[in-house]
Amino acid sequence: MMTASVHPALIFFLGALVVALLRGKAQSVALVLVPVAGALNLLGLAEGEVARLTIFDYTLTPLRADRLALLFTYVFHLATFIGVIFALNVRDTGQHVAALLYAGSALGAVLAGDLITLFIFWELLAVTSVFLIWARRTPRAIAAGFRYLIIQVGSGLVLLAGVLVHVHQTGSFAFEFIGLDGLASWLIFLAFGVKCAFPFLHNWLTDAYPEATPSGTVFLSAFTTKVAVYALARGFPGTELLLYIGAAMTAFPIFFAVIENDLRRVLSYSIINQVGFMVTGIGIGTEMALNGTTSHAFAHIIYKALLLMSTGSVLLMTGRINGSDLGGLYKTMPFTAGFCIVGAASISAFPLFSGFVAKSMVMTAALEEGHGWIWLVLLFASAGVFHHAGIKVPFFAFFAHDSGLRAKEPPLNMLVAMGLAAFLCVFIGVYPWPLYDLLPFPVEYHPFDSTHVVAQTQLLFFSALAFTWLKLTGLYPPELPSVNIDVEWLYRRAAPRLITGLIGFIAPIDLAFRRIALVRVERAIDGIFWVHGPRSRIARTWETGSKILTVVLLFVIVLVLTYL
Amino acid sequence: MIADHLPALQVVIPLLAAPLCVLLRWPGPAWALATAASWATFGVAVLLLIAVLEQGVLSYHLGGWEPPWGIEYRIDLANAFVLLIVAAISAVVLPFARRSVAVEIPEDKAYLFYCMYLLCLTGLLGIAATGDAFNVFVFLEISSLSSYVLISLGKDRRALTAAFQYLIMGTIGATFYLIGVGLLYAMTGTLNMVDLAQRIPAVADTRTVQAAFAFLVIGIGVKAAAFPLHLWLPNAYCYAPSVVTAFLAATATKVSIYVALRILFTVFGPAFSFETLEIDIVTVPFALIAMLLASTVAIFQTNVKRLLAYSSVAQIGYMVLGISLGTVTGVTAGIVHLFNHAMIKGGLFLALGCVFLTLGSVQLRDMAGLARRMPWTMAAFVIGGLSLIGVPLTTGFISKWVLIQATLEKGLWYFAVLILASSLLAVVYVWRVVEAAYFRPVPESAAEVSEAPLALLVPTWLLILANVYFGVDTSLTLGVARRAAETLLGAAA
């Protein structure tokens with residue numbers, strides 16, 4: 001049993017309840033206290049602790065705190081802390097409650113020691129997070145939220161199917177290494193893949209995240225995909241297929257990100273790209289690669305939150321988010337611009353920023369294991385990241401042409417949250433060893449040797465040069481006020497059209513069938529009523545004599561039977 | 001000293017309080033006395049259960065006469081549990097009774113009502129406490145005669161015919177039981193159940209013993225309202241005063257089921273009942289038919305009390321099915337459902353009592369839109385209904401879970417399917433009430449009614465919350481039921 005601590009998710013769920021009941025200042029205080037209380041609770045949670053729960057005949061393991069799970073637990077607390085500070089000025093209790101429930105579900109999922117618990121929190125993640133999208137309350141956000149919810153819940157159902165088959169085959173609920181063999185593992189893999197935004201399964205992310213509220217996106221970027229990364233790292237490390245999937249994930253979003261106008265959507269594509277690095281690490285499966293994956297997840301949660309907070313601030317203060325509408329904001333929002341640049345430097349893996357100490361581990365591991373082509377793709381992706389996330393986002397928001405907007409700095413709490421995240425980005429970048437100590441395996445990696453530093457600096461330098469050159473010669477794709485749709489075209493355009501056509505064809509047939517069926521059902525009910533209704537032979541009050549006759553008849557039957 | 005006499009006190013307290021009620025005359029004091037007696041009885045039942053859990057079987061010799069010559073009160077886990085059910089339900093129902101009786105029964109007859117109620121309680125407790133087969137008949141008659149009177153006190157004039165028909169059926173049932181006991185006495189020369197169990201094997205092959213078995217099974221079947229011997233039940237429940245319906249529905253049939261357990265397992269022994277005579281050939285099919293047919297009939301009822309009465313017939317089917325499986329898990333399911341169904345139906349009928357008190361009717365059409373005017377009462381009904389259906393976290397779920405486990409243990413998966421199908425029918429008839437109360441508009445002509453008084457709501461909610469509590473914490477109910485089942489089956493082995 002647990003010693004000094006309760007299940008971390010419990011604190012967040014109870015905290016959500018408290019926050020729901022409070023208003024005004026008290027609510028703000030409670031909101032900040034929840035992750036703090038969670039962190040204090042973690043102090044009492046020793047590594048390797050396991051809690052079991054017996055329901056009927058099944059033993060569940062709602063808590064398994066090994067190194068891998070704990071790392072994610074720490075960073076989720078950190079992200080919640082930064083996120084709630086950023087969201088303090090939001091006067092929408094529903095959003096706060098949803099955010100805390102969402103964070104609690106993420107904690108529950110990474111601490112789950114069995115597949116049933118994992119499934120429960122997997123679905124909770126979906127249904128709690130969708131409110132952060134709906135909270136924007138625009139028709140687009142509502143529609144996007146529904147698409148998001150359908151896909152997320154669908155992922156849960158696939159997971160459930162996989163888990164049931166898995167349990168049937170192995171007889172065990174334990175969530176350990178699964179590996180790709182047989183139907184069960186493929187179903188579970190697919191479910192993880194949906195949440196992890198595998199190529200062709202990724203559209204919910206770029207569709208829904210940019211539609212969420214400014215603070216909602218910060219939470220969304222931190223939890224869902226990272227839970228999936230954790231689940232893959234737990235269940236499928238060293239699966240070769242993940243190498244190629246991960247590499248594809250790092251590369252393809254770059255093209256979409258470059259032509260995308262909505263800066264938060266650009267960052268959403270870059271989430272996929274970054275998660276791609278993590279997935280590749282899992283595919284490599286060596287100790288160094290898995291260390292790279294987890295440290296990258298840790299660093300990415302913070303700098304992506306920072307970037308989304310700065311763009312969210314811009315959205316909040318100007319009401320616009322398209323690159324074509326923005327520009328020149330550095331004059332009036334210098335702090336936000338500065339924080340954005342720190343985030344951009346981190347995601348681009350500048351030496352001395354957090355991305356550098358984490359990401360290069362995966363790439364080094366790829367090279368060591370002889371995956372040369374994968375390494376090349378990752379290299380291209382690194383350059384691409386710098387291009388679209390590192391330069392494009394801060395450039396178009398705060399510099400580029402002067403859009404004439406003179407927005408003020410966002411409220412203090414937002415600046416504090418961004419400052420906190422920026423500090424962490426630099427701190428981890430300069431002094432990564434505390435982070436390395438938390439990783440699942442011992443670290444024998446020195447980020448600041450000359451090869452790494454020089455290679456990365458060269459890469460960044462030439463990438464910057466390319467951007468500048470393209471910009472100066474006018475070859476860079478201009479920021480056009482447009483909406484880009486990628487694979488989601490299939491279900492946002494093609495499927496509705498196909499379905500409308502099919503409905504026109506099927507509807508009359510369906511109608512006829514239903515009419516026939518309805519008549520049948522009505523007749524059946526009439527029949528049942530005739531036999532069972534209050535006036536029927538069974539239900540009406542019998543004559544006393546008939547009642548006695550029943551008793552006697554039954555007695556005779558029993559008597560005959562006993563005599564036989 | 002007092003502690004040694006607990007088994008006798010269990011029965012004597014209400015028995016002595018009953019005539020005192022007649023002497024008191026006024027409704028208020030009579031009610032107070034009855035309630036005090038009932039609570040004392042409940043205390044005794046709790047002490048008895050604790051004593052049995054600690055010391056094992058208690059044997060009390062009435063008047064100091066040694067069994068098998070004297071009457072023995074023999075309390076083991078099975079009847080300690082049943083005593084607790086009966087006493088607990090009565091302790092909750094009586095506080096409810098004061099306001100309800102004041103409305104439904106003429107003031108000058110109220111003291112008689114409390115007297116009869118206590119006698120009925122005496123009878124039910126006596127049946128459960130005694131270890132003497134003939135003594136069971138005596139208490140059976142005490143409880144039956146008093147319940148005929150209680151039912152006939154109903155406001156509707158049809159209560160009289162219902163009571164009369166119940167009287168005829170009840171008497172036939174009791175007579176069958178008496179004939180059975182008489183035949184056994186003729187063959188063995190004893191009336192003590194434990195003594196009977198030892199002597200029957202020697203004469204088990206005789207036609208007389210087999211006939212006795214048939215008489216006993218049918219006699220108890222009538223009293224337990226086991227399908228198709230249930231015909232007296234719907235009218236009796238429907239037209240009786242609300243309090244009486246709640247009390248009888250929660251206790252009377254349960255006690256009869258308990259007698260069935262005693263006769264089948266303790267007196268004749270499972271080997272004789274299920275292997276030699278194979279009584280399950282008759283009981284299992286009828287139990288299954290009861291589950292499905294009675295539930296279907298319930299769906300079409302327009303009077304909610306009657307609807308719940310038919311639901312009771314179906315629920316008794318569950319108990320009979322569990323017992324007829326003859327395994328420890330099966331008997332556990334039957335016993336635990338005794339307790340759980342007492343909570344469910346007690347709570348539901350009390351909720352209906354609240355409705356009848358304020359609305360003056362429990363017709364479905366009169367209950368349209370009632371949830372807006374009586375939110376607490378209808379919320380109680382909904383939770384009770386969920387428990388009746390067997391939704392997880394309620395007692396009903398626990399019963400069905402164990403019962404389904406018992407069927408699967410024996411590989412009878414199609415029984416499990418039928419149990420689930422019957423649960424679906426329960427969804428339909430509970431939903432009909434919910435639909436009327438929550439989704440239909442209040443009729444224009446409806447009288448202005450408001451929420452039932454607290455004196456009625458508190459006992460109702462007490463039983464309803466017990467449904468939730470025992471749906472989560474099953475250590476008392478399931479634990480005792482399993483041990484009781486092991487005792488019943490083990491005693492014969």
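**View 1. Overall make-up of chain A in the predicted model.** Chain A holds 20 helices and two strands (DSSP runs numbered from the N terminus: helices are H or I with at least four residues, strands E with at least two). This is a predicted model, in which local features need pLDDT of at least 70, side-chain atom pairs count only at pLDDT 80 or more, and totals for chains, interfaces and linings use all residues. Residues are numbered from 1 along each chain as its sequence is written, and chains are lettered from A and ligands numbered from 1 in the order in which they are written. Of the 564 residues of chain A, 51% count as buried (20 or more other C-beta atoms within 10 Å of the residue's own, with C-beta atoms placed from the backbone). Among chain A contacts (C-beta atoms, placed from the backbone, within 7 Å) between residues at least 6 apart in sequence, 80% join residues at least 24 apart.

View 2. A:Ile254 counts as buried because it has 20 C-beta neighbours inside 10 Å. Apart from neighbours within four places in sequence, A:Ile254 is in contact with A:Asn273, A:Ala381, A:Gly384 and A:His388. From A:Ile254 to A:Tyr269, 15 residues along the sequence, the C-alpha to C-alpha distance is 7.2 Å.

**View 3. The contact between chains A and B.** Chain A contributes 22 residues and chain B contributes 26 residues. On the side of chain A that touches chain B, the elements giving two or more residues are helix 19 (489-532) and helix 20 (544-563). Helix 20 of chain A gives the most to this side, with 13 residues. By class, this side of chain A has 15 nonpolar, six polar and one charged residues (Ala, Val, Leu, Ile, Met, Phe, Trp, Tyr, Cys and Pro count as nonpolar, Asp, Glu, Lys and Arg as charged, and the others, Gly among them, as polar).

Methods
Two residues are in contact if their C-beta atoms, placed from the backbone, lie within 7 Å. A residue is buried if 20 or more other C-beta atoms lie within 10 Å of its own, exposed if 12 or fewer, and partly exposed in between; C-beta atoms are placed from the backbone.
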